[in-house]
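Here is a short note to read alongside the model. Keep the structure open and check each point as you go.

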Amino acid sequence: MRFTFRWYGEKDDQISLQQIGQIPGMDGIVGALFDIPVGEVWPLEPLREIKRQAEKNNLYFKDIESINVHEDIKLGLPSRDKYIENYILSLRNAAKAGVEVVCYNFMPVFDWTRTDLAKPLYDGSTALAYDYHLIAGKKPQDMAKEILDNSNGFVLPGWEPERLAQLTELFNQYDGMDEDDLRDNLKYFLQAVVPEAENCGIKMAIHPDDPPISVFGLPRIVKNEKDLDKIAAMVDSESNGFTICTGSLGSNLKNDIPHIIRKFGRQKRIAFMHVRNIQVHEPWVFNEVAHKSKHGSLDIFEIMKAIYDIDFDGPIRPDHGRMIWDEKGRPGYGLFDRALGVNYLCGLWDAINRICGRK
Ligand code: DNO
Ligand code: MN
């Protein structure tokens, strides 16, 4: 298993590769090309450049998050074939640069959604939060301003001003699409892409919907064990894998995360682990917390034990962190709390391995 840290690149991340390389126990970065518009081919050279820079800091670059899926693929438009072809070319270039895992999501219009990017917690730290009361009956256009006011100048992926300008049109395109329709479009995508991924040694890792429930009336199809079963059945291949994001799936307390890890891990379908803790106050009201189990609703020890039990061999990363010690920056992606988080995970991992006898 490799411990990894998400990195937004030289230009956009306030955290340097050297800082990441200094985190005890850190093996690699999770990178991406952030300047390539969705749907275009990712060129080989800049991927190789990330690898070179990472290696200078004693870090691997084997994991991408995310090659985003063009909206036309999710919508099932005739133009999807061209974008699927481009996706395959991007995968081949990623493989040539040494990449083994590619995370992606299939959420219509938005990526992850929160109602507050800096909710003050009891100890003066701030964290990302979601409260469905604040969303119910609202249009995303109304939410955007409220969220932006408190976001430190950052926006969530999918909420960029140029995208918000097209929202009405995008929503109209999804009008009448239900979960089964969206699933058909995922299946079409996977049937084309997974054999190619397999050929070049890449595992695709679909990220759960975050939060795992419909937002603004849009269909969502990666919410729970049943959804994962359906996706696994679409193409029978280890390259048709999952990112098990504990904070995303875990915001529905009915999702039994250790069970999900054991089940899909035994089927060799887990390609990537995102581990973070959240505190669920009532259904669909939650905020993110420090990784340690006692601070939230998830039992992180049980999660790490399940990961051990399946002999997981891929990347794991601390997911979002709080903002602590006056750090300013990209909500969820500061240095301090994520570095503390990964060390908690490393500590649990060492202890489990010692006690259970491996290594
Ligand atoms: C949030 C992340 C997501 C994830 C995408 C995967 O911090 O976990 O944005 O990268 O949903 O495509
Ligand atoms: Mn995640």
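1. Start with one strand pair. Strand 9 (residues 270–275) and strand 12 (residues 315–318) run parallel and are joined by 3 bridges. Within this pair, M273 stands opposite I316 in strand 12. Bear in mind that this is a predicted model.

2. A barrel is closed by 8 strands, in the order 1-2-3-4-7-8-9-12, and the pairing is parallel. On average, neighbouring strands of this sheet are turned by 30° against each other, direction ignored. As background, strands of a sheet pair through backbone hydrogen bonds, either parallel or antiparallel.

3. Which strands does helix 15 (residues 336–356) lie across? They are strand 1 (2–6), strand 9 and strand 12. The helix runs at about 130° to strand 12.

4. Strand 5 (residues 116–120) and strand 6 (residues 126–131) run antiparallel, with 3 bridges between them. K119 of the pair stands opposite A127 in strand 6. Between the strands of the hairpin are 5 residues, and G124 takes a positive phi near 90°.

5. Turn to helix 5 (residues 80–96). It has 17 residues. From its first C-alpha to its last it reaches 24 Å, close to the 24 Å expected at 1.5 Å a residue. Just after helix 5, G98 takes a positive phi of about 95°.

6. Which residues of helix 5 are buried? They are R80, I84, Y87, S90, L91, N93 and A94.

7. Finish at ligand 1. It has 14 residues around it, and E65, S66, N105, D111 and H207 come nearest. How many residues of the shell around ligand 1 are nonpolar, polar and charged? The shell divides into 5 nonpolar, 6 polar and 3 charged residues.

Notes: Residues numbered from 1 in each chain as written. Chains lettered and ligands numbered in written order. Predicted model: local features only at pLDDT ≥ 70, side-chain atom pairs only at ≥ 80, totals over all residues. Helix = DSSP H or I, 4+ residues; strand = E, 2+ residues; numbered from the N terminus. Expected span 1.5 Å × (residues − 1). Buried ≥ 20, exposed ≤ 12 C-beta atoms within 10 Å, placed from the backbone. Pairing = 2+ DSSP bridges. Near = placed C-beta within 6 Å. Nonpolar A, V, L, I, M, F, W, Y, C, P; charged D, E, K, R; others polar. Axes fitted to C-alpha atoms, helices over the stretch in contact; angles between N-to-C directions. Contact = placed C-beta atoms within 7 Å.
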